[in-house]
Amino acid sequence: MKLTVGFSTLAERVSNIQLPSKDFDYLVLVQNPNQVSYSAPSGAKLIEVAGKGVAKSRNQAIQNCQTELLIFGDDDVEFHPTELAKAIAKFEADPSLVLLLLAAKDEKGNARKQYPAKEERLNLLNSARAATYEMIVRADLVRQLEVRFDEKFGAGAENYLGDEYIFIADLIRAGAKCEFAPLFIATHPSDSSGERWGSSQDRRARALVFDRVFSSLAPVVRLAFGLRRMKQLGGPKQLMLFVLGR
């Protein structure tokens, strides 16, 4: 079973991409708003993506993937082929599996977040902290289900986080089997947009993600989520504003 790694990047950062193994296919999806010159890494197919926002590039990766499996990468991600091979084996063992969420370490070798210790089925409540580079999908089934990343969310968009969670939620609602497995398949720097908490803009962006996933139930879910993240939100006043979506 073959895997494609779809790297999303800006033209100025293409040279940062590390191709982990000759065993995989590669797409390099480039946004080039400044019209600078660049070249793709040897062995990768280059696709220039119009517009702005990483979700646009992820959707082009889904559309252009020619292998059964696809993992989403960024130019600052290092993938680990041995662990990727274990993840591929899980798809081979379960033809109904559509998305497998995995784990990553930071640049110091520490787990980037607290991951479950064992495999589990994903649902709308346990998948909110997903990172795109932790996700492998069966590309043909994603296309059949007509699920794509919401381009109003994610890095480069006004609502600059939550695109991964919304994508998983949409797959689950479409009936896709989505699971987590504790395999550390990548290394990524500890700083990322999904970990931002300090400003009112961060609070509102996160609130909009819950609106998108839960609709009228969003305030209830935000309350439960916010009570666990009171410190990051900044206290009771900020919690209330988060619950109200402000």
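This is a predicted model: local features need pLDDT of at least 70, side-chain atom pairs count only at pLDDT 80 or more; totals for chains, interfaces and linings use all residues.
**Exercise 1. Work out how the length of helix 5 compares with the expected span, and which of its residues are buried.**

Step 1: Find the ends. Helix 5 covers residues 200-214, which is 15 residues.

Step 2: Check the span. From first C-alpha to last, helix 5 reaches 21 Å, close to the 21 Å expected at 1.5 Å a residue.

Step 3: Pick out the buried positions. They are D202, R203, A205, R206, A207, V209, F210, V213 and F214.

Step 4: See what lies over them. The cover for these buried residues includes helix 4 (163-173), helix 6 (218-228), helix 7 (230-233) and helix 8 (236-243).

**Exercise 2. Describe how helix 4 and helix 5 pack, and say which residues meet.**

Step 1: Recall what you need. Two packed helices are described by the angle between their axes and the distance between the axes.

Step 2: Read off both values. For helix 4 and helix 5, the angle is about 10° and the axes are 10 Å apart.

Step 3: Name the arrangement. Angles under 35 degrees count as roughly parallel, so helix 4 and helix 5 are roughly parallel to each other.

Step 4: List the contacts. Helix 4 brings Y165, I166, A169, D170 and R173, and these meet V209, F210, R212, V213 and F214 of helix 5.

**Exercise 3. Take F210 and F214: how are their rings arranged, and how far apart are the two residues in helix 5?**

Step 1: Start with the whole structure, where a search finds 12 aromatic pairs. F210 and F214 form one that is stacked, at 6.3 Å centre to centre with 15° between the planes.

Step 2: Look at the spacing. An α-helix has 3.6 residues a turn, so residues three or four places apart point the same way. F210 and F214 are 4 residues apart in helix 5, which means about one helical turn separates them.

Step 3: Check burial, with a cut-off of under 20% relative accessible area. F210 comes in at 4% and F214 at 12%, so both count as buried.

Step 4: Widen the view. Ring pairs tie F210 and F214 into a cluster with Y165, F225 and F242.

**Exercise 4. Find where Q35 and S215 lie, and say what their phi values are.**

Step 1: Know the background. Most residues other than glycine have a negative phi.

Step 2: Take Q35. This residue is not a glycine, but has a positive phi of about 55°. Q35 lies in the loop between strand 2 and strand 3, and at 60% relative accessibility counts as exposed.

Step 3: Take S215. Again no glycine, and again a positive phi of about 55°. S215 sits in the loop between helix 5 and helix 6, just after helix 5. At 53% relative accessibility, S215 counts as exposed.

Definitions and conventions
Residues are numbered from 1 along each chain as its sequence is written. Side-chain values use heavy atoms; hydrogens and water are left out. The expected span of a helix is 1.5 Å times one less than its number of residues. Buried means under 20% relative accessible area, exposed over 50%, partly exposed in between (1.4 Å probe, protein chains only). Contact means heavy atoms within 4.5 Å. Rings of Phe, Tyr and Trp (its six-membered ring) pair if their centres lie within 6.5 Å; planes under 30 degrees apart count as stacked, over 60 as edge-to-face and the rest as tilted. Axes are lines fitted to C-alpha atoms, for helices over the stretch in contact, and angles run from 0 to 180 degrees between N-to-C directions. Angles under 35 degrees count as roughly parallel, over 145 as roughly antiparallel, 65 to 115 as roughly perpendicular and the rest as oblique.
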